[in-house]
Amino acid sequence: MKALFDNLRLASNEPAPLGQRTDGYLPLEQYAALGDGRSVALSGIDGAIDWWCVPNMDSPPLFDRLLDSENGGVFSIEPDAPYTVERRYRENSNVLETIFTTAGGRAKLTESLNSGHAGRLPWAELARRIDGLDGSINFKLTMRPGRRGDTVNPYHSKIGRHTVFHVDRVLGLFIQSDDIACEWSDEGITGTIALSVGHRRTVAIVAGADEPLVAPSIDEIDARIDISDKEWRDWCKSVSYDGNDREAFLRSALTLKLLLYSPSGAIAAAATTSLPEGIGGSKNWDYRYAWVRDAGYTIEAFLAANAQAEAKAAFTWLLSQLRAHGARVCYTLDGKLVPDEKYWRMPGYRGSTPVIAGNQATDQRQHGVYGDIFETASRFVGCGNILDSVSAELLSDLADECADIWRMPDAGMWELEDEQHYTMSKISCWQALARAVELADDGQLPTTCRDRWARERDRVFEWVETYCWSETKQAFTMYPGSDMLDASVALAVRFRFDGHERLRATLTAIDRELGAGDFHYRYTGMDREEGCFLACSFWMAEAWALLGERDEARARMERLKTGLAHGHGILAEMIDPKSGVFLGNMPQGLSHLAHIMAAAVLTGEADCDQKSPTQGVHQ
């Protein structure tokens with residue numbers, strides 16, 4: 001069986017860009033991600049960095065050819081002759097290696113968003129090293145900042161002995177080995193890199209916004225590639241996982257680590273905006289913010305991987321935002337409310353518009369946030385940790401709030417415009433109140449309202465059992481009176497809502513009506529609008545494992561490995577089940593954390609001290 005994230009190898013005799021780009025766009029599965037705990041860059045298999053927001057993940061992009069193939073910003077290092085490609089991450093690392101082979105020679109490109117011995121650098125440092133391995137090979141170099149839909153015009157200037165480039169508020173240095181000749185213009189830089197066997201050349205960008213800029217030497221930058229690699233490998237040593245697929249588990253953990261915004265502890269849902277859920281469609285969103293749902297699930301995944309420091313930082317950040325803003329859906333990475341949507345006049349990935357910055361979801365009513373918050377708190381203390389009195393008071397207030405409003409309709413987990421009494425939202429309210437009762441019984445929360453929470457928990461349970469079950473469908477439907485199904489109901493098993501026959505029947509119905517080969521659509525009707533949602537298929541595998549069907553769960557995980565093996569280990573939000581093309585924003589945290597949780601459940605490592613799926617259920 002192929003590994004889940006096998007190395008991608010192109011064996012064409014034609015240049016990879018001609019064979020793989022469509023109207024100037026690479027398939028999303030042919031990108032790998034670089035990161036430094038503050039920003040994420042996407043590097044294509046043809047040597048082009050087509051996406052990088054500087055200095056933060058939610059900053060405007062410096063390189064944005066991902067959304068504008070003709071005029072977008074790019075940093076490309078590509079052979080000037082036809083080539084084949086081998087690509088892999090270094091073992092237990094987010095440092096990336098790509099080997100290009102031409103008729104005349106072979107060279108290795110090593111890429112890193114650098115850190116130092118003390119962790120994240122106080123500036124953005126993108127390093128790209130090229131080593132000649134055999135014969136000789138020439139590369140074309142292009143560095144062209146983006147114009148963000150013609151809203152900014154880059155230019156360069158001389159400051160002291162340095163030539164610098166300016167893009168709106170971003171100030172940057174392009175630094176290269178002495179024997180690389182480059183030509184500068186306001187539009188960017190072009191050059192040629194000639195390599196023979198044993199020769200090394202390094203190029204880098206050092207950038208920041210509204211801050212003084214450090215000007216390191218190219219030798220210092222080159223050395224930090226290997227320092228960064230060591231830091232990643234050292235971090236992986238602390239990750240606990242003894243399953244057969246440790247390499248794949250670590251790749252998902254490393255990707256989640258890229259999405260952790262280290263200055264605050266926030267966790268971005270994804271590193272991109274406006275990548276379509278269907279090619280040519282309009283379901284394009286900005287995911288470069290921190291959702292309560294995604295943050296909560298990611299904290300659980302970090303706990304399952306024994307990444308206690310990351311889990312604590314993210315949980316502290318989440319509680320801080322809840323105190324400051326209340327139970328909102330999402331926040332910016334620095335803890336503000338997400339700005340309203342604005343639109344850039346750009347063609348979008350493969351003609352998919354609109355191209356958006358900002359998100360409207362922050363003001364939606366989503367009852368799922370209560371379950372997410374309390375499940376996170378439960379997992380956190382289940383690992384032997386302790387809630388402080390301020391956090392305990394906050395959680396008690398949120399439990400009271402949930403007990404008051406659970407009967408109201410909301411936008412649901414999928415952030416729909418049509419407010420309904422979504423089944424999964426009610427289950428999330430039950431989950432919040434059930435965990436609140438358990439935390440109070442454990443001495444983590446004050447017990448003043450404990451009995452009230454227990455009574456409301458039981459009322460929610462009876463409401464769902466009475467109104468959300470369909471005898472015709474033999475399943476919990478998406479909302480009462482509907483014949484639609486929702487794949488997210490698989491999470492109810494993890495939440496310990498119902499571990500008995502009704503939930504088994506619901507999983508069977510989800511497979512029957514929402515399954516497409518090895519993958520699943522989010523809910524009824526989405527097969528006409530978008531791809532399959534990767535997290536749903538991992539949730540299904542996890543649910544079957546928790547219900548005791550471990551052989552079935554393992555078989556599902558093996559099939560998912562095969563279906564995703566053509567990528568670099570960086571998962572998008574969705575996949576076209578027929579073509580295997582990735583869809584939606586990436587790297588998508590929800591996809592990776594769902595993989596981690598399913599894998600951890602299969603090895604018994606998902607929980608520190610959690611009950612079985614049939615314990616704690618209303619009887």
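Buried means under 20% relative accessible area. The model is predicted.

**Exercise 1.** Classify F380 and F315: buried or exposed?

Solution. Take F380 to begin with. Its relative accessibility is 9%, so F380 counts as buried. Now take F315. At 3% relative accessibility, F315 is buried too.

**Exercise 2.** How many aromatic pairs are there, and which kind do F315 and F380 form?

Solution. The pairing rule asks for ring centres within 6.5 Å. The count is 20 aromatic pairs. F315 and F380 form one with 4.8 Å centre to centre and 50 degrees between the planes, a tilted pair.

**Exercise 3.** Determine the geometry of the Y422 and Y479 pair, then locate both rings.

Solution. Planes over 60 degrees apart count as edge-to-face. Here the planes stand at 85 degrees and the centres 5.7 Å apart, so the pair is edge-to-face. Y422 is in the loop between α7 (389-405) and α8 (423-441), and Y479 in the loop between β26 (475-476) and α10 (491-494), so the pair ties together parts 57 residues apart in sequence. Both Y422 and Y479 are buried.

**Exercise 4.** Which charged residues lie over the rings of F75 and Y89?

Solution. Start with F75. R128 lies over its face, 4.8 Å from the ring centre. For Y89, the charged end of R251 sits over the ring, at 4.0 Å from its centre.

Technical notes:
Residues are numbered from 1 along each chain as its sequence is written. This is a predicted model: local features need pLDDT of at least 70, side-chain atom pairs count only at pLDDT 80 or more; totals for chains, interfaces and linings use all residues. Side-chain values use heavy atoms; hydrogens and water are left out. Rings of Phe, Tyr and Trp (its six-membered ring) pair if their centres lie within 6.5 Å; planes under 30 degrees apart count as stacked, over 60 as edge-to-face and the rest as tilted. Buried means under 20% relative accessible area, exposed over 50%, partly exposed in between (1.4 Å probe, protein chains only). Helices (H or I, at least four residues) and strands (E, at least two) are DSSP runs, numbered from the N terminus. A charge sits over a ring if NZ of Lys or CZ of Arg is within 6 Å of the ring centre and within 35 degrees of the ring normal.
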